[in-house]
Amino acid sequence: MRLTQYFLPVLKEAPREAEIASHQLMLRAGMIKQQSAGIYSWLPLGLKVLRKVEQIVREEQNRAGAVEVLMPTIQSADLWRESGRYDDYGKEMLRIQDRHERDMLFGPTNEEMITDIFRTYVKSYKDLPLNLYHIQWKFRDEVRPRFGVMRGREFLMKDAYSFDLNADAARAAYYRMFVSYLRTFDRLGVKAIPMRADTGPIGGDLSHEFLILADTGESEVFCHSDFSKKTVPDAGVDYSDDALIAGIVDDWTSGYARTDEMHDEALWAEVPEDEQLNARGIEVGHIFNFGSKYSEPMGAKVTGPDGKDVPVEMGSYGIGPSRVVAALVEAGHDENGIIWPDSVAPFDVGLINLRSGDEVTDAACDDMYAQLSAAGLDVLYDDTDGRAGGKFALADLIGLPWQLIVGPRGLKTGEVELKARASGERHTVSIDAAINQLTAWHVDSRKRFGG
Ligand code: 5CA
């Protein structure tokens, strides 16, 4: 993509209402635009990252055996009256009437609707286990939407719903999602720690939140320092092996890890002081097992092997891709801007032409742009006629993994400069060496993050 043909409306300064780094940087980098409180447009650079996050989430859901559907954003109030949540949900639910004065709502979550789909089609235990998910916009009329897309009113959620014959099978389904979340966040380039959680209005007795550590996180977390050293199962993990999956969950839940809501001082005191990690975190995922809370009132039953009908056992599993984008910025930035993980960076390389309009420099840049693109790298080519300082600042702000800096002086000896955004290291290399290094990095990072 040539910058002169792109739409990247960067701001010199972040609006004053942006309190935390991720909100400031996402506005400055032209990723999002606020439309009203807690409601945002996603501009091209932001949308690119959001789509990459979404795709990693999707691939790991599919790998764990979940099947994608797409449910509407607008739901009928009648479904929610069946579960009793239409009255319980309170002011967070955006209630709407259509022209026939029928009560509708903008979905804050989809337990009722997925239960309705299930009861329409599935009648026998032979069709289980089943896990259906979608990635769809939600609306919650939060009292205090803040921090940009971190706590929005309209936000994107991946929500999966599992259906099983009995509690043991439902637990195995819960564990599969647990492991898929470990893999998802690993591929997203962050450490997310699973913590025992409260179930809130979703209900149930088994629940974990996944938190990314960041100083501005809304939750206080208490966990064993070992969590930062644990390894995540690789792409070959066998989701059909219940014992193996349970073993992984066991390992990841054996140490103390709780948020302030569930914190237990007595248990915490048993963790040796030099192994206690007390920090702040952002909740990016939340999984629940809630048995027959919805299937019973809504009549979602299956016939078991003994010929008897039983309400199906359910769980739900959420990740907020739009919040994840903000959390990645919160966890990855410095005073100059964003530092994206390789796997979700909006482009791989920023190609910086230090003398646009100069024939030799333009030709060299065009050639490198073509070569890198042919090798599969996504390049943002700064072909504007701006000054070098502004181009460097922009490249640092938007945080692409690499900057390839090309100017007339270096070209005299066939040399360019390559800068790694994360470390800030820069070195002068020949054009071929730069292309080779970036191509090798690309192949390697696909191996590491491509799953
Ligand atoms: N139905 C269940 C799980 S599918 C559910 O709604 N869970 S939740 O309430 O915990 O939300 C799931 C995820 O959505 C959260 O972990 C978070 O990543 C994201 N999320 C929730 N509220 C917001 C919000 N206001 N803004 C941005 N993301 C949000």
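Q: Which residues come nearest to the ligand?
A: In this predicted model, Thr109, Glu111, Arg140, Gly152 and Glu283 come nearest, out of 22 residues around the ligand.

Q: Which strands supply at least two residues of that shell?
A: Strand S8 (154-164), strand S13 (276-291) and strand S16 (313-319) each do. The largest share, 5 residues, comes from S13.

Q: What does glutamate 142 do with the ligand, in terms of distance?
A: A polar side-chain atom of glutamate 142 is 2.9 Å from a nitrogen atom of the ligand.

Q: And histidine 286 and glycine 285, which ligand atoms do they lie by?
A: Oxygen atoms in both cases. For histidine 286, a polar side-chain atom lies 3.3 Å from a ligand oxygen atom. For glycine 285, a backbone N or O atom lies 3.5 Å from a ligand oxygen atom.

Q: How much of the ligand's accessible area does the protein cover?
A: The ligand has 600 Å² of accessible area on its own, and the protein covers 95% of that.

Q: Which pocket is the ligand's space?
A: The ligand takes up the space of the largest pocket.

Q: New topic. What is the strand order in the open sheet of 3 strands?
A: The order is S4-S6-S5, and the pairing is antiparallel.

Q: How many bridges join S4 to S6?
A: There are 3 bridges between S4 and the antiparallel strand S6 (residues 103-106).

Q: Which residue in S6 is opposite glutamine 75?
A: Leucine 105 stands opposite glutamine 75.

How values were computed
Residues numbered from 1 in each chain as written. Predicted model: local features only at pLDDT ≥ 70, side-chain atom pairs only at ≥ 80, totals over all residues. Heavy atoms only, no water. Pairing = 2+ DSSP bridges. Helix = DSSP H or I, 4+ residues; strand = E, 2+ residues; numbered from the N terminus. Near = heavy atom within 4 Å. Polar contact = N/O pair within 3.5 Å; in protein donor to acceptor, adjacent residues only side chain to side chain. Areas by Shrake-Rupley, 256 points an atom, 1.4 Å probe, with all protein chains shown as cover. 1 Å grid on protein atoms, 1.4 Å probe; cavity = no way out; pocket = protein on both sides within 12 Å on 5 of 7 lines; lining within 4 Å. Sits in = over half its atoms within 2 Å of the grid points.
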